[in-house]
Amino acid sequence: MAQVHLSPPTSHFNNLSLSSDSINDNDYYNYNSIPFTDSDKLNQIEVVMNKIDNLGFIPDNLIESEVKFFYENLGIDNNYFLKESTDSIVSNIHALYSAKLLNFINNSKDNSKEDHFSISHKIENDDHAIYIGDFDERIDQKYLDNSDSAANTAYRLESFSSNLSSFNNLKLNFVYKCNFTDSDKNNLFDSTFDKIASPETKKIYINLINQLKKTNNPVITHYNILNTNTYRIIIALNQKTSSNYSSSLSNLCHYYNLNLSKKYVEQFKNGTTIISLYVSPSSDHPNSNINLSINQVLKEASLLYSIPKNLFQENFKNHQLSLQECIYAHCGVIFVTHFLNRLGPEYNTLKQLLSSSSPSTSSLSSTEVLLKLKNRLTSETFSQNYIKETFQKHYKIIQRLYRHFADIHYIQSGLEKTLSFKRLEQLETVEDDAQFNEILSRYCSSNETDILVLKSLYNFNKSILKTNFFLSSKVAISFRLNPTFLPESEYPNKPFGLFFVVGSEFRGFHIRFKDIARGGIRIVLSRSPDNYNTNLRNLIDENYNLASTQQRKNKDIPEGGSKGVILLDYGVAQTRPKASFDKYIDAVIDLLIKPVDESKSNQIVDLYKKPEILFMGPDENTAGFVDWATLHAKKRGAPWWKSFFTGKSPTIGGIPHDEYGMTTLSVRAFVDKIYAKLNVQDTSSIRKVQTGGPSGDLGSNEIRLSDEKYVAVIDGPAVVGDPNGLDRTELGRLARERLDLSHFDKSTLSDKGFFVKADDTDIVLPNGLKFLNGIVLRNTAHLKLKELVGDVDLFVPCGGRPAAIDTNNVGALIDKKTGKAVIPYIVEGANLFITQDAKIVLEKAGAYLFKDASTNKGGVTSSSLEVLASLAFNDADFLNNMCANSEGKVPEFYKEYVENIQKVVINNANLEFDMLWKLKQETGKTFSELSDDLSIAINKLGDDLAASKELWDEDTPFRNAVLIDAFPRILLTKAGGIEGILSRVPEAYLKAIFATHLSSQYVYSRGIDSNPARFLEYISSLRKQYIKEGILAN
């Protein structure tokens, strides 16, 4: 074909880009085009036209018009033409042309259809991508959501939308990999942004970046572009904190009838993302009040950041539900999924029949079969998808329930001016229970399951004591719930408080059994979709059981039991757990402190009407995050920031459990007491197995503080075993360096030893045992110990998932010929590793087994005394006495205080062991049952004492003497004596110390019988002791 030559420039090529190179008032606030001279542009156009001509897909007489259309009519910035190759430009022109042809073919026989084109075309590479059409979510998922400046994988976006009458809102999106200058550390800009951004844009962005450093929330600003009806909305946020946010913002603009003509997403070297939206009134709604629409977008951008992609996206896009209604429904689906009481009276009857039978092995098995039946009922009867579909089917009822929720928690000051309030006014509400039942009867009387689902959502509304839902700035949605809605059949011990948090990539809960309570926050990771579904199904039960175990474990300390769990969504969230942890913590703090902005419209409606303090600590997958949580609470202005988290770094007053072996000291005390009671002399010959490897707190210190002969260690990444004994030097090395078993030196094994990684396949052990893969071996090794390594004397679970041993598999640990337990000594360090019923089976088979609530309390004791020090000292004394300096050197007081705590941990363990041993001889009950009896006795007596005014209010000298006895002497001296501590520690906490100290010391010295006469005799003897010690006047 002949070469195509262009004539000199004509008028239609004089202004091809969205902005010219000259600076005017509008350009000053926007992006500048990189200079692209007319001659350069014409040369490129000529090359493009010739390539199109050579390919022959577009007729000769249409080539110039199609090229002109692409260059002139779509509003594409010059930056695109400078960056892209001519081959890429040719490909995109062909894509547009093919869309026109396809539309003609599809509509040629239907003259009723409007002449509108749709197009879908993409080119994706590692360093750039081009999308023509609606690919917003794809761009988010492939490029923007995973942008990480630190890893040199950040991407910027330039997006343009055309309102040409022949196209359905044609979008052109250009993605480019960022290029940051390493030589200038102070320059945060990508090289392209540095060239095209106006000086004022750079100034605005730097200001937003500086504001973002002070908060976890997105920072939002906007302004009108001079002499136009276009507004620019700019949002700054941290990278990798809100998936699908960019695409969701586009949907939000469209919902409020705004035309999104341009969108820029910029990445910065310090990990900041800034999104810039150019919006104007939609051509379909030219007379709409743009100020109202803009204000609503600004108001909801924060809500959208919390949950950018909700379960009701389609209902939002078709204007069936507003964004607030969608996110309320989204949270409601999650609540109903976890809390719908779906077992029914038949289940309760069956449970009562089974519980009335004798505790034989068969009945215990039936109990756990019942638990599995419960799990099946709760997961399969009402799946999350079914609940969502029920909400969608009855969306009018969902709107009424949203109005019911908003009437209570939405403060209406000034809301009359917003679109959301105008919409809210149009919704009907639910006046009371009778009206709600009438609504259900009218609209879903024939479907009992729908009624159950909707009633559960109504119960959600009624249980909410406070929420951050309507705060103008937030990172996740949090609710403080009254847990009275929990069915007694599933949760017999009613918790004191429950927090529920929903974020963009997680759901989380926090359960506590007392007002003053403490427990760790764990993140639950999922290896596969099936594993995620299992974790989802068990989440609340696991949270409840862990908090309940903590309540029993915390019997020696003033804090009751609590536990927080964060379940990460399956997918990218699994790779960035800290982002979800940060949001969970920030959202909970929202409900614990007053907002800095004291305007009426930014307050929380507090139906609880009492101050609350939560005491938290590290747990699975959160140990590295507690420093941030502590300092974040301080930044948020929380007065209790020093005591908010335990397990933090010594530089901010923490006492790391792993560094000082706090948890392990308690476990080891029980092991040593077993040896002493049974007169075991040569402990180095004891053959020992441990779950939880040398990288963990409990696992590493168990290796370092023990001298038994290890024959197997079972860890997440690997299993290592040797019937001849594992090399203690090698195990010690791993423990000291906190390395997991994947780093084990296989050369130290004997010819009978084995080392198997979880991802190994087709495994044959030296003794001939075969396994399909390493995961199968790892997950079953604790049940096949005799086959794997021969006789085992001691089993110390230091890690692993709850219920790893239950009544369905406990038989593997009992010799079929003798009926005796194959492991004589079991000290459960890991929480809930063995179910209660399985423990009883093992004990009845002859094992000396001590459960987690008794053995694993060293950590909580240490944490409690860490909390006490943080409350007892003022900020200056706390810094001087509890905080290490920049070189890591701790104060002398800190050293002595830690040694004091270690002695308390060992002493408390010895006291409990001795009482359990004594009670077993007196009652014949198992240690596992007696551990619960002991916890119940201490906690019940403690609750009674905490509620009593007689000893607290009417006998101040005795009250103070008890507190002096409870406080470490070294702390009393440094914190200004009893008067100094009383002036700083909250009274509720002091009451808890008083009650717990009396109750625990009484039970450990007198037993679990707390009849009034015996207790009065104890108090009388205590007075005499205090007088003798000089802490109580005669």
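A: What follows starts with the whole chain and then turns to the sheet.

The model is predicted, so local features need pLDDT of at least 70 and side-chain atom pairs pLDDT 80 or more, while totals for chains, interfaces and linings use all residues. Residues are numbered from 1 along each chain, and side-chain values use heavy atoms, without hydrogens or water.

The protein chain holds 41 helices and 24 strands (DSSP runs, H or I of at least four residues for helices and E of at least two for strands, numbered from the N terminus). Of its 1034 residues, 58% count as buried (under 20% relative accessible area, with a 1.4 Å probe and protein chains only). Among contacts (heavy atoms within 4.5 Å) between residues at least 6 apart in sequence, 69% join residues at least 24 apart.

The sheet itself is open and is built from seven strands, which follow one another in the order β9-β10-β11-β12-β14-β13-β15, with mixed pairing (two strands pair if DSSP finds at least two bridges between them). At its edges stand β9, residues 464-467, and β15, residues 615-618; each has a single partner strand, so one side of each is left without a neighbour in the sheet. Going from one strand to the next, the twist averages 20 degrees.

Within this order, β14 stands between β12 and β13. Strand β13, residues 517-524, and strand β14, residues 560-568, pair in the parallel sense, and six bridges link them. To find one of these places in the structure, look for I521, whose bridge partner in β14 is G564. In a regular strand, side chains alternate between the two faces of the sheet.

Helix α20, residues 529-553, lies across β12 (506-512), β13 and β14, and runs at about 165 degrees to β14 (angles go from 0 to 180 degrees between N-to-C directions of axes fitted to C-alpha atoms). Helix α21, residues 577-590, lies across β10 (477-481), β11 (497-502), β12, β13, β14 and β15, and its direction makes an angle of about 130 degrees with β14.

A hairpin of three residues connects β1 to β2, and H121 stands opposite I132 of β2.

Conventions. Buried < 20%, exposed > 50% of the residue type's maximum accessible area, 1.4 Å probe, protein only.
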